Amino acid sequence: VVGKPNMISPRMQTEHVMFKRNHVEFRPEWNCKSKLDILVMDRISNQSKKLGHGRTLRNRQELAEELQKAAQARNLEADVSIEYFETMTFAEQAAGMKSRDIVVAAHGAGMTNLIFMQKKSLIMEVLPFSHSINLFQLFAKSLGVPYMYSIAPPQRRSVLQCLEYANLNRSKKSEYQKRGIMKHIHEIMAKFDANAESYANADFYDYTGTELTAAQEAWNLHREKSSVLDFVAACMRQQDFFVDPKKVAETVLEYYRLSCMGDGQSQLKDSRIQIWEGGGLSHPVCRITNVFIEGGAGENGTRVHIPGKLKNIYTEHEIQSVCGISQQIVFYDEDEHAKTMTPGDLIRSSDRLHLPLDYTSK
């Protein structure tokens with residue numbers, strides 16, 4: 001089922017004998033409520049296998065606390081729990097997912113339990129760096145369950161230890177073989193370090209979203225082919241997770257809030273462009289509200305969507321020049337866009353502030 005998410009039969013959610021035998025009853029489509037049930041689904045570490053550090057959420061307690069704070073900031077009550085499904089029965093796992101409004105889960109086979117979630121509840125998958133795959137994204141889409149992901153920061157030490165153990169320590173090797181293996185490990189780690197540098201320069205929403213981008217998939221090394229090394233994919237997958245607890249919490253709670261508002265248009269701020277010049281500024285400072293970033297393909301590259309009414313104030317060339325935008329600008333109609341805007345779109349809208357590197361203020 002997981003391997004072919006686009007072939008899932010709609011009958012699976014109600015008629016499969018496996019569910020009936022375990023007395024699994026499906027709840028109706030998710031409804032907004034004032035008290036949330038939020039799950040942080042962690043994994044029991046398999047560090048004893050010596051293949052990485054086990055894919056556990058190391059700062060899970062901080063994440064749970066930030067989820068509680070983010071709910072309170074939106075005047076919502078929330079029960080936040082941390083659970084490990086490895087110790088539960090099938091029926092307990094099913095019950096644990098169908099009662100949740102929001103789930104933040106570590107990447108792994110436990111994600112298949114999203115089949116029991118209510119439609120329109122939200123699941124966020126924490127993906128390991130260099131092993132970002134859209135398997136559960138497609139699975140969730142097939143089931144009508146809103147999906148988000150966040151790629152965890154790279155854990156170099158974990159990957160290196162795993163590769164060395166898997167390829168040097170599991171069986172006896174001659175010195176000549178060891179030198180060859182280490183050469184290949186260093187080549188893999190050099191690619192890993194280059195990708196890690198790109199990640200370090202990225203913003204939170206460059207590695208968090210609803211659909212993996214080509215730029216994020218370019219960080220992946222789990223498909224690296226090597227005639228010498230074993231367990232490359234396994235070692236990439238086995239990194240621990242350290243999420244940004246505050247930003248993850250804000251993102252999933254804002255999604256919930258906007259989903260329940262029912263009127264995306266009311267959530268857009270007044271569209272405006274502000275440019276400050278003079279007064280001790282060496283270069284103009286630009287701020288634009290309600291900007292949407294689109295990852296375009298081909299020659300266009302990334303496109304920047306800007307409220308249409310702003311083109312009556314500045315030309316496209318002036319906006320690009322003063323606001324430091326090198327990408328193609330697309331002006332959108334706010335009224336029309338609001339009709340089709342999803343909560344995910346609203347989350348990703350932002351204020352763009354362009355501050356030159358040599359900015360000085362007297």
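The model is predicted, so local features are reported at pLDDT of at least 70 and side-chain atom pairs at pLDDT 80 or more, whereas totals for chains, interfaces and linings use all residues. Residues are numbered from 1 along each chain as its sequence is written, and side-chain values use heavy atoms, with hydrogens and water left out.

The protein has 12 helices and 11 strands; helices (H or I, at least four residues) and strands (E, at least two) are DSSP runs, numbered from the N terminus. Of the 362 residues in the protein, 44% are buried. Here, buried means under 20% relative accessible area, exposed means over 50%, and partly exposed lies in between, with a 1.4 Å probe and protein chains only. Contact means heavy atoms within 4.5 Å. Among contacts between residues at least 6 apart in sequence, 72% join residues at least 24 apart.

Helix H5 (residues 156–169) and helix H6 (residues 175–200) form a pair whose axes come within 11 Å and cross at roughly 155°. This crossing makes H5 roughly antiparallel to H6. Axes are lines fitted to C-alpha atoms, for helices over the stretch in contact, and angles run from 0 to 180 degrees between N-to-C directions. Angles under 35 degrees count as roughly parallel, over 145 as roughly antiparallel, 65 to 115 as roughly perpendicular, and the rest as oblique. The crossing of H5 and H6 is right-handed; a crossing has this hand if the near helix is turned clockwise from the far one by less than a right angle, and is left-handed if anticlockwise. On the H5 side, the contact is made by Arg156, Val159, Leu160, Leu163, Glu164, Asn167 and Leu168. H6 contributes Lys178, Ile181, Met182, Ile185, Ile188, Met189, Phe192 and Asp193. By class, the contact of H5 with H6 has 10 nonpolar, one polar and four charged residues. In this scheme Ala, Val, Leu, Ile, Met, Phe, Trp, Tyr, Cys and Pro count as nonpolar, Asp, Glu, Lys and Arg as charged, and the others, Gly among them, as polar. An α-helix has 3.6 residues a turn, so residues three or four places apart point the same way.

The structure holds one disulfide, defined as a pair of cysteine sulfur atoms within 2.5 Å. The partners are Cys162 and Cys235, with their sulfur atoms 2.0 Å apart. The torsion about the S-S bond of Cys162 and Cys235 is about -75°, so the disulfide is left-handed. Both Cys162 and Cys235 are buried.

In helix H3 (residues 90–98), the residues Gln93, Ala94, Gly96, Met97 and Lys98 are buried. Their cover includes strand S1 (35–42), strand S3 (102–106) and strand S4 (122–127). Leu253, found in helix H9 (residues 245–261), is also buried, with a relative accessible area of 0%. Leu253 touches Leu36, Ile38, Leu67, Ala70, Ala71, Arg74, Leu76 and Ile102, not counting residues up to four places away in sequence. The C-alpha atoms of Leu253 and Ile102 are separated by 8.4 Å, although these residues are 151 residues apart along the chain.

Gln137 is placed in helix H4 and counts as buried at 10% relative accessibility. Apart from residues up to four places away in sequence, Gln137 touches Tyr147, Thr210, Glu211 and Leu212.

Two residues were noted for their backbone torsions. Most residues other than glycine have a negative phi. Asn75, however, has a positive phi near 60° and lies in the loop between helix H2 (60–73) and strand S2 (77–84). Ser130 likewise has a positive phi, near 70°, and lies in the loop between S4 and helix H4 (135–143). Asn75 is exposed, with a relative accessible area of 73%, whereas Ser130 is buried, with a relative accessible area of 0%.
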